[in-house]
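Subject: Structure handover: helix packing and aromatic pairs

Hello,

I am passing on the structure below.

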Amino acid sequence: MNFAKAVVAVLVLGLLGGIGFVYSGQFDPAADQPHSRLVYWLMENLRHRGIEARVAGIDVPDLSDAALIRTGAGNYDAMCTGCHLKPGETDSEMHRGLYPQPPALASKTPTTPPDHAYWIIKHGIKASGMPAWGKSMDDQTIWGMVAFLQQLPTLTPDGYQEAVEHSSGHSHEHSDVA
């Protein structure tokens, strides 16, 4: 019985301490100040584990389909380059101002599995600046962006511009999302 009371007391004290911390204003929410290692670790793990738990059952289409890739090129150029950059760019005003800083997708080999990339584009990431594009585009359009992301790191600035010029631009031609 004393053990149970001690556990309850510790939980109540922890809860009161947490509430006190929230109301104290000690947490710095500024985007130009990095998180502590503990907070960063916690946020990264919550994000990774949360996405992993939600991608089961997502069927990845053929991402080498040229029409799908073309669709993604125009939409990436219109909607993603401000944060994720394009070939030949190392920074942008938007990219520099976000924390955590978004990955420069043109300069790294894709390490995010396609089903995860699809989920991230569709649903966004809370408190990161990554919008939920599934509110304005259908699945086919999102898969086009995923397909294009697979090709993006291999493109030179000229190759990127050519891909964008051969795309249908920023379009949600398949979209039935209201």
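Y76 and Y160 are both buried. Please keep in mind that this is a predicted model.

Aromatic pairs

The count of aromatic pairs is four. In one of them, Y76 and Y160 sit edge-to-face, with 6.4 Å from centre to centre and 80° between the planes. Y76 belongs to helix α3 and Y160 to helix α8 (residues 157-165), so this pair ties together parts that are 84 residues apart in sequence. A single aromatic cluster is formed by Y76, F148 and Y160.

Because Y118 lies in helix α6 and W143 in helix α7, the pair ties together parts 25 residues apart in sequence. Y118 and W143 are both buried.

Helix α3 against helix α7

Two packed helices are described by the angle between their axes and the distance between the axes. For helix α3 (residues 66-79) and helix α7 (residues 139-151), the angle is about 90° and the axes are 7 Å apart. An angle of 65 to 115 degrees counts as roughly perpendicular, and α3 is therefore roughly perpendicular to α7. On the α3 side, the contact is made by L68, I69, G72, A73, N75 and Y76. On the α7 side, the residues are Q140, T141, W143, G144, M145, A147, F148, L149 and Q151. By class, the contact of α3 with α7 has nine nonpolar residues, six polar and no charged.

Y76 of α3 is thus listed in this contact as well as in the edge-to-face pair with Y160.

Helix α2 against helix α6

Helix α2 (residues 37-54) packs with helix α6 (residues 114-123) at an angle of about 105°, and their axes are 10 Å apart. These two helices are therefore also roughly perpendicular to each other. I51, E52 and R54 in α2 meet H116, W119 and I120 in α6. The contact of α2 with α6 divides into three nonpolar, one polar and two charged residues.

Regards

Note on methods. Residues numbered from 1 in each chain as written. Predicted model: local features only at pLDDT ≥ 70, side-chain atom pairs only at ≥ 80, totals over all residues. Heavy atoms only, no water. Axes fitted to C-alpha atoms, helices over the stretch in contact; angles between N-to-C directions. Helix = DSSP H or I, 4+ residues; strand = E, 2+ residues; numbered from the N terminus. Parallel < 35°, antiparallel > 145°, perpendicular 65-115°, else oblique. Contact = heavy atoms within 4.5 Å. Nonpolar A, V, L, I, M, F, W, Y, C, P; charged D, E, K, R; others polar. Phe/Tyr/Trp six-rings, centres within 6.5 Å; stacked < 30°, edge-to-face > 60°. Buried < 20%, exposed > 50% of the residue type's maximum accessible area, 1.4 Å probe, protein only.
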